[in-house]
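Good morning, and thank you for joining this group meeting.

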Amino acid sequence: MSQKRISQRIWEIDFLRGLSIILVVCYHLLYDLGEYVGVKRFLRFSTDLTTVAWVVAQHFFAGLFIVLSGISSTLTRSNLRRGLKLLAVSLIITAATYIYNPPSTIWFGILQLLAVSILIYGAAFERAKPKICAAWGIIVLGLGFIVPLLRKSMTIRFDWLLPFGIHSPGFYSFDYFPLIPWLGVFLIGAALGGTLYEPRQSLLPWNLPQSFVNVAGRHSLLIYIVHQPVILAILYVLGLMK
């Protein structure tokens with residue numbers, strides 16, 4: 001990427017996106033060490049990711065990534081192309097995980113959520129005012145409290161509504177981010193983008209230098225795609241896989 005294009009990017013968005021993807025890589029590294037190597041702790045961090053602290057942490061940096069994606073969608077006019085590209089990549093990942101380990105298949109993971117959210121935003125909200133995005137974001141978040149109650153009160157024996165958070169009791173996905181409530185988080189991000197970044201420039205008054213984190217933020221999709229195969233390959237080469 002040329003120096004001119006780098007200078008035109010919004011520093012804090014790249015930095016926060018880079019921080020998010022680095023946290024995702026660390027999270028998956030801990031999972032792999034616990035699941036495939038049998039390590040209980042690594043660098044003083046527990047590999048038991050079912051604890052409340054880890055669940056909260058996972059939702060925090062995933063939510064941050066989704067908000068940033070919503071903000072970024074207000075800074076481009078190529079949302080259709082971006083959404084379709086991301087959808088294609090996400091479907092390839094679903095196919096690959098199904099071939100590698102069917103019980104751990106990723107059904108409507110975070111990439112599929114982002115792809116569909118970008119397409120919905122591009123089709124219905126791209127020209128809407130930020131307050132409209134915020135209002136719909138709040139509505140979808142509100143539905144996020146209703147859907148679990150519906151699942152408990154109804155006997156659902158199918159999974160074809162799983163993109164909306166409606167599925168059978170036996171449904172499992174290694175990575176699952178349904179539109180309800182996460183599309184609401186995306187739209188809140190779009191509202192923030194349309195408000196805070198309407199001038200399409202950084203909110204920071206300083207000319208900050210680029211960092212490794214910013215570079216990771218600019219290449220977050222590539223890092224997300226390759227990091228798990230790379231981690232597993234390294235563990236296999238080192239003879240640590242159980």
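I shall speak about helix packing, then the nonpolar core, and then several individual residues.

Please keep in mind throughout that this is a predicted model.

Let me begin with the packing of helices. Two packed helices are described by the angle between their axes and the distance between the axes.

The opening pair is α2, residues 11-37, with helix α9, residues 220-237. The axes of α2 and α9 cross at roughly 25 degrees and come within 10 Å. Angles under 35 degrees count as roughly parallel, and α2 and α9 are therefore roughly parallel to each other. The crossing in which α2 passes α9 is right-handed. On the α2 side, the contact is made by Arg-17, Ile-21, Val-24, Val-25, His-28, Leu-29, Asp-32, Leu-33, Tyr-36 and Val-37. On the α9 side, the residues are Ser-220, Ile-223, Tyr-224, His-227, Gln-228, Ile-231, Leu-232 and Leu-235. Sorted by class, the contact of α2 with α9 holds 12 nonpolar, 4 polar and 2 charged residues.

The crossing of α4 and α9 is left-handed. From α4, the residues Lys-85, Leu-86, Val-89, Ile-93 and Tyr-100 meet Leu-221, Ile-225 and Leu-232 in α9. In this contact of α4 with α9, 7 residues are nonpolar, none is polar and 1 is charged. Please note Leu-232, which is listed in the contact of α9 with α2 and also in the contact of α9 with α4.

The remaining pair is helix α3, residues 52-73, with helix α5, residues 110-125. Their axes cross at roughly 25 degrees and come within 11 Å. Helices α3 and α5 are therefore roughly parallel to each other, and α3 passes α5 in a right-handed crossing. The residues that meet are Ala-62, Phe-65, Ile-66, Ser-69 and Ser-73 in α3, and Ile-110, Leu-113, Leu-114, Ile-118 and Tyr-121 in α5. By class, the contact of α3 with α5 comprises 8 nonpolar and 2 polar residues, with no charged ones.

Which residues in the largest nonpolar core touch the most other members? Among its 47 residues, they are Ile-66, Ile-110, Leu-113, Leu-114, Phe-177 and Phe-186. Neighbours within four places in sequence aside, Ile-66 is in contact with Ile-110, Leu-113, Leu-114, Phe-177, Trp-182, Val-185 and Phe-186.

I turn now to points of backbone geometry. Ile-180 and Pro-181 are joined by a cis peptide bond, with omega about 15 degrees. Pro-181 belongs to helix α7.

Phe-108 has a phi of about 50 degrees and sits in the loop between α4 and α5. Is Phe-108 buried or exposed? Buried means under 20% relative accessible area, and Phe-108, at 9% relative accessibility, therefore counts as buried. For Arg-200, phi is near 60 degrees, and this residue lies in the loop between α7 and α8 (212-218). At 39% relative accessibility, Arg-200 counts as partly exposed.

Asn-214 lies in helix α8 and is buried, with a relative accessible area of 0%. Which residues does Asn-214 touch, not counting those up to four places away in sequence? They are Trp-11, Asp-14 and Phe-15.

Ile-120, in helix α5, counts as partly exposed at 27% relative accessibility. Leaving aside neighbours within four places in sequence, Ile-120 is in contact with Phe-125 and Leu-183. Ile-120 and Leu-183 are 63 residues apart along the chain, and their C-alpha atoms are separated by 9.2 Å.

Thank you for your attention.

Methods. Residues are numbered from 1 along each chain as its sequence is written. This is a predicted model: local features need pLDDT of at least 70, side-chain atom pairs count only at pLDDT 80 or more; totals for chains, interfaces and linings use all residues. Side-chain values use heavy atoms; hydrogens and water are left out. Axes are lines fitted to C-alpha atoms, for helices over the stretch in contact, and angles run from 0 to 180 degrees between N-to-C directions. Helices (H or I, at least four residues) and strands (E, at least two) are DSSP runs, numbered from the N terminus. Angles under 35 degrees count as roughly parallel, over 145 as roughly antiparallel, 65 to 115 as roughly perpendicular and the rest as oblique. A crossing is left-handed if the near helix is turned anticlockwise from the far one by less than a right angle, and right-handed if clockwise. Contact means heavy atoms within 4.5 Å. Ala, Val, Leu, Ile, Met, Phe, Trp, Tyr, Cys and Pro count as nonpolar, Asp, Glu, Lys and Arg as charged, and the others, Gly among them, as polar. A nonpolar core is a set of buried Ala, Val, Leu, Ile, Met, Phe, Trp, Tyr and Cys residues joined through side-chain atoms within 4.5 Å. Buried means under 20% relative accessible area, exposed over 50%, partly exposed in between (1.4 Å probe, protein chains only).
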